Each structure stands twice: as structure tokens, then as C-alpha cells.
Amino acid sequence: MEMPETEMTATRRPVWNAGRSVGAKRALKPKQIWEIRFFLNERRRLRDRALFDLAIDSKLRGCDLVRMKIGDIVNGGQIRTRAIVMQQKTSRPVQFEVLPDARASLLAWLERRGGTVDDYVFPSRVDRNRHLSTRQYARLVDEWVTGIGLIRSEYGTHSLRRTKASIIYRATGNLRAVQILLGHSKIENTVRYLGIDVEDALALAENTEI
């Protein structure tokens with residue numbers, strides 16, 4: 001029986017993810033966070049250190065992170081301890097904390113960067129009126145993780161978004177709090193995003209005495 005031409009074409013077409021690592025990217029461990037900070041400090045990459053710290057604390061998607069403006073994180077010449085942004089994907093606001101390490105690195109970067117409250121925190125180097133692209137942000141993350149000896153295919157921009165959320169969940173088991181911090185509309189999305197499975201649930205239960 002002769003195979004129809006459309007089926008033959010389908011069988012010849014390469015799989016879109018052939019040779020690629022798919023699935024959720026790994027979250028960073030606390031030790032790896034400090035290794036990346038040390039890596040960036042040694043090279044005096046003020047912008048990258050500020051970008052990395054803000055990515056960890058904000059838990060934002062890359063598209064929201066690169067679009068942040070100075071006015072979103074600065075008030076009265078000081079870096080805010082808390083900030084709020086409107087998520088591009090969901091059109092829902094999400095709040096986040098900016099801890100001392102991030103405030104210090106952001107202040108150092110903005111003192112060099114200059115600009116007004118209406119300017120982007122991380123401008124494009126090609127066009128200062130535009131923000132850093134998500135593609136360039138992804139390339140920077142690749143540099144950071146490989147710089148400390150991690151496998152590039154196992155990490156990405158979502159690793160930075162997941163990192164603090166994963167640490168908070170492991171420490172507290174409070175899934176609702178993590179849902180709020182990530183700006184998810186449904187808790188099921190948070191479960192999938194964190195990759196929570198039966199083993200995780202049992203481990204948390206075993207560590208909880210009543």
C-alpha cells in the first residue's frame with residue numbers, strides 16, 4: 001500500500017526538539033547564587049550583577065524584568081524595599097521584595113547608568129531608548145551559569161524566576177504564598193511550575209510533626 005504524500009512528508013520532517021533539552025529548567029541553589037555573584041563581581045559587571053539580583057528577588061518572567069523602568073524601583077533617590085509591576089502575560093499586578101543585596105547592586109548600577117524615572121533600568125546597548133531584549137537576557141544567563149561550571153542546557157531565564165520560589169517552598173511548604181509571589185492565577189499552575197510531585201509532598205509531610 002502506497003503511503004500518501006502528506007504522510008511521507010510528516011515522517012521525514014525532523015522533530016522540533018531533536019537534540020534539545022526540554023522540560024523545566026533547574027532552579028539555582030543558594031551556593032550557586034553566591035558563585036554567580038562572585039563571578040560577576042570579579043569581572044566588575046555592575047549591570048549584570050544588578051540584573052541577576054533583581055531577577056532572583058522579583059521572580060519575574062524575562063519579558064517583565066527587562067521592561068522595568070527606573071521609577072518602578074526608585075523612590076526619592078532610594079531603591080524601594082518593595083515594588084509592583086503589571087505582568088505582560090496575565091495583565092495582573094504582582095508585588096515583590098527587594099532585599100539589601102539587590103538594593104546595593106541596583107544603586108551601584110543606576111549611579112553609573114543615570115537616567116530618569118521614565119527610562120528603562122536595563123537599556124539596550126544598541127538603542128538606549130529601548131530596553132534590553134529577552135534574547136540578550138537569555139544569552140547573559142547562559143554566560144553566568146557556564147561561568148560557574150553549570151551545564152547551559154539545564155538552566156535558563158526561568159531558572160532565575162523559579163529559584164527563590166523553590167527555596168521558599170522547600171523551607172515552608174506554603175504553596176499559596178508561592179502562588180502569590182509568582183503571580184499565578186491558579187494554584188495548579190504553581191504546582192506544575194515548581195515540579196511538585198508525590199515525593200515532594202511526602203517529604204514535607206514527614207518533616208511535619210503534630
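Modeller: Happy to! Let's start with Arg45, which is partly exposed at 23% relative accessibility; here buried means under 20% relative accessible area, exposed over 50% and partly exposed in between, using a 1.4 Å probe and protein chains only. Arg45 forms a salt bridge with Glu143, their closest N and O atoms being 2.8 Å apart. By salt bridge I mean a side-chain nitrogen of Lys or Arg within 4 Å of a carboxyl oxygen of Asp or Glu. Arg45 sits in the loop between helix H2 (30-42) and helix H3 (46-58), while Glu143 belongs to helix H7 (residues 134-147), so the pair ties together parts that are 98 residues apart in sequence. Helices are DSSP runs of H or I, at least four residues, numbered from the N terminus. Glu143 is partly exposed as well, at 36%.

This is a predicted model, so local features need pLDDT of at least 70 and side-chain atom pairs count only at pLDDT 80 or more, whereas totals for chains, interfaces and linings use all residues. Residues are numbered from 1 along each chain as its sequence is written, and side-chain values use heavy atoms, leaving out hydrogens and water.

Within helix H3, Arg49 and Asp53 lie four residues apart, about one turn of the helix, and their side chains meet in a salt bridge at 2.7 Å, N to O. Arg49 is buried at 10%, and Asp53 is buried at 0%.

Asp64 and Arg67 form another salt bridge, at 3.6 Å from N to O. Asp64 is buried at 3%, but Arg67 is partly exposed at 37%. Shared partners also link Arg37, Arg49, Asp53 and Asp101 into one network of salt bridges. The count comes to twelve salt bridges.

Terms used
Helix = DSSP H or I, 4+ residues; strand = E, 2+ residues; numbered from the N terminus.
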